[in-house]
Amino acid sequence: MNELFELLHSVLLTTGVVHLTVGHLIMWLVSFFFLYLAVKKQYEPLLLLPIGFGIFLTNLPMAPLMEKGQLFWIFHHYGIEWEVIPCVIFLGLGVMTDFSPMIANPKSLLVGAGAQLGVFITFLGTLFFGFTLKEAASVGIIGGADGPTTIFLTNALAPHLIGPNALAAYSYMSMVPLIQPPIIRFLTTDAERKIEMKQLRDVSRLERILFPIMASILIGLIIPSIMPLLGMFTLGNFMRETGVVRRLSNTAEHELMNIVTIFLGISVGATMTADQFLNPKSLLIFGFGIFDFIVCTAGGVLTVKLINLVTHDKMNPIIGGAGVSAVPMSARVSHALGREANPRNFLLMHAMGPNVAGVIGTAAAAGLMIAMFT
Amino acid sequence: MEAINWTQVVLALGVRFIGVFVILAFLMISIQFSGALLERMRKRAGLDETAVSNGGASQRNRVAKQPLPSSEQAGDSLLSEETVAAIALALSQLDEEHFSIRPSMALPGEKPPAEARDSSWRILGRQGTHQRAASWSEFGNRRQGKPTGNAKS
């Protein structure tokens, strides 16, 4: 009889049931929340769904997923730790991005820079709450609203925060239509929101081809640390604009992007085990994340207002919000707000300028942060 | 926990924030410079083409020496956007009424549905196609010196 009990006991020990903790259950709830956002609310479902399911699977006790050499560990190790996935995603983003609105209105680059204000303010704020300098830098970059850059920087400086940082970045990116309008309305007058902008000039193909080369030289020489990310971005854009490698650019834009998105989602979700995630720092990261987004939006709007003080061609300050590089969501928000104030206002293309400038701005900020610690 | 030198941190962050501005400002200046350069090259190439089409080196020199028209003057000589849109609309309507071949909305061997048989666009489309076919055959006949269908009747 004893032998039978021992046998049953040993069988029971191999199941997850006896190893299930309250932490696991809480993480299941967290994963279900993100799955709900992805499935029901359709907030960034391409990322929140694999991340949410990754959290769920990795918190099944005894499941051989995240130990060294196991499936999710392999995805995470070779994809994230080796910094492959964020860079490959940037290749795809480069192929998808049209820089014409930014080239037509180069001032939008300054808006993209101004919208990085939150990154630096949040850096300071997190230090007050006991984050280390490297952790503070990784949390600050969330406001740039750029997932791959957040993951790249966090992996370089504070790899233990990848889960909460990436999740906060992607969650708030999907909530840009809820976060940005009140801030923009608060910082602008009705008359400012009604400003109609001149139609953008045509940008020649040669200009579009030259841009990625120019950007690579300039940024590569000043902040070489960000070139794995930005170099892939400019390569993708060069492939797009030259138009001579349609097969490659199509692959980078669709199949490759979809494949790495799956691995990215799972890998990020897999890092969020109960012992890693359930601590006050994770909650603080979510709190600072939204603060970061608010300050970055304000930074963009205020930069446009400053530029308007010294230039003749007035820009609508609403497009400052698009400096937060949640492409193209924040540009759409700007467009919708512009139409709300003045139905004749078509700000979408004007807002795309700061929007893509924001991608470069966030990458530049991340590069400067990495350079600060190396 | 590491001790934080707040003055140093604030300064470092301030410098980096300005650094982002400086880098993107450099990029902005590069874009503006290259854009202006390419625009100038494009204009020059356009002027050269005009000169060649007018013929002769002296003509080319004369054209090159002429001051460029201001944007307002150039705008006056061009058609307005509304005019262009009106012409485009008229052309597309003309195309729809006379030159396009309408789908019959039925597979070969199938009877076309009622809305396709009786609707005005089908009649128009068919007429257009027939008219075009007739006019092309007449055009061919005329070139070959043959009597046209109209002449026969």
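How many of the 13 residues of H1(A) are buried? The count is zero, and H1(A) is hardly covered. Buried means 20 or more other C-beta atoms within 10 Å of a residue's own; exposed means 12 or fewer, and partly exposed lies in between, with C-beta atoms placed from the backbone.

Before moving on, note that this is a predicted model, where local features need pLDDT of at least 70, side-chain atom pairs count only at pLDDT 80 or more, and totals for chains, interfaces and linings use all residues. Residues are numbered from 1 along each chain as its sequence is written, and chains are lettered from A and ligands numbered from 1 in the order in which they are written.

**Stop 1**

Select residues 2–14 of chain A, which form helix H1. Helices (H or I, at least four residues) and strands (E, at least two) are DSSP runs, numbered from the N terminus. The end C-alpha atoms of H1 in chain A are 19 Å apart, which agrees with the 18 Å that its 13 residues should span at 1.5 Å a residue. That expected span is 1.5 Å times one less than the number of residues.

**Stop 2: Pro50(A)**

Go to helix H3 (residues 45–58) of chain A and pick Pro50(A). Pro50(A) counts as buried because it has 22 C-beta neighbours inside 10 Å. Show its contacts beyond four places in sequence: Ile262(A), Gly265(A), Ile266(A) and Gly269(A). Contact means C-beta atoms, placed from the backbone, within 7 Å. Now draw a distance from Pro50(A) to Asn345(A): the C-alpha atoms are 38 Å apart, across 295 residues of chain.

**Stop 3: H5 against H17**

Select residues 84–96 and 255–270 of chain A, helices H5 and H17. They pack at about 145°, with axes 9 Å apart. Axes are lines fitted to C-alpha atoms, for helices over the stretch in contact, and angles run from 0 to 180 degrees between N-to-C directions. The crossing of H5(A) and H17(A) is left-handed, meaning that the near helix is turned anticlockwise from the far one by less than a right angle; clockwise would be right-handed.

Show side chains. H5(A) brings Ile85(A), Val88(A), Ile89(A) and Gly92(A). Among their partners in H17(A) are Leu256(A), Val260(A) and Phe263(A). The contact has eight nonpolar, two polar and no charged residues. Here Ala, Val, Leu, Ile, Met, Phe, Trp, Tyr, Cys and Pro count as nonpolar, Asp, Glu, Lys and Arg as charged, and the others, Gly among them, as polar.

**Stop 4: Ala137(A)**

Pick Ala137(A) in helix H9 (residues 133–140) of chain A. Ala137(A) is buried, with 30 other C-beta atoms within 10 Å. Leaving out residues up to four places away, Ala137(A) touches Phe123(A), Leu153(A), Leu157(A) and Met369(A).

**Stop 5: chain B**

Select chain B. Its secondary structure is seven helices and zero strands. Of its 153 residues, 7% count as buried. Colour by pLDDT, the predictor's confidence in each residue, from 0 to 100. The chain B mean is 66, and 39% of its residues reach 70 or more. Where pLDDT is low, the predicted coordinates should not be read in detail.

**Stop 6: where the chains meet**

Show both sides: 24 residues from chain B and 31 residues from chain A. The chain B side has 17 nonpolar, five polar and two charged residues. The predictor gives the complex an ipTM of 0.89 and a pTM of 0.77.

Conventions. Contact = placed C-beta atoms within 7 Å.
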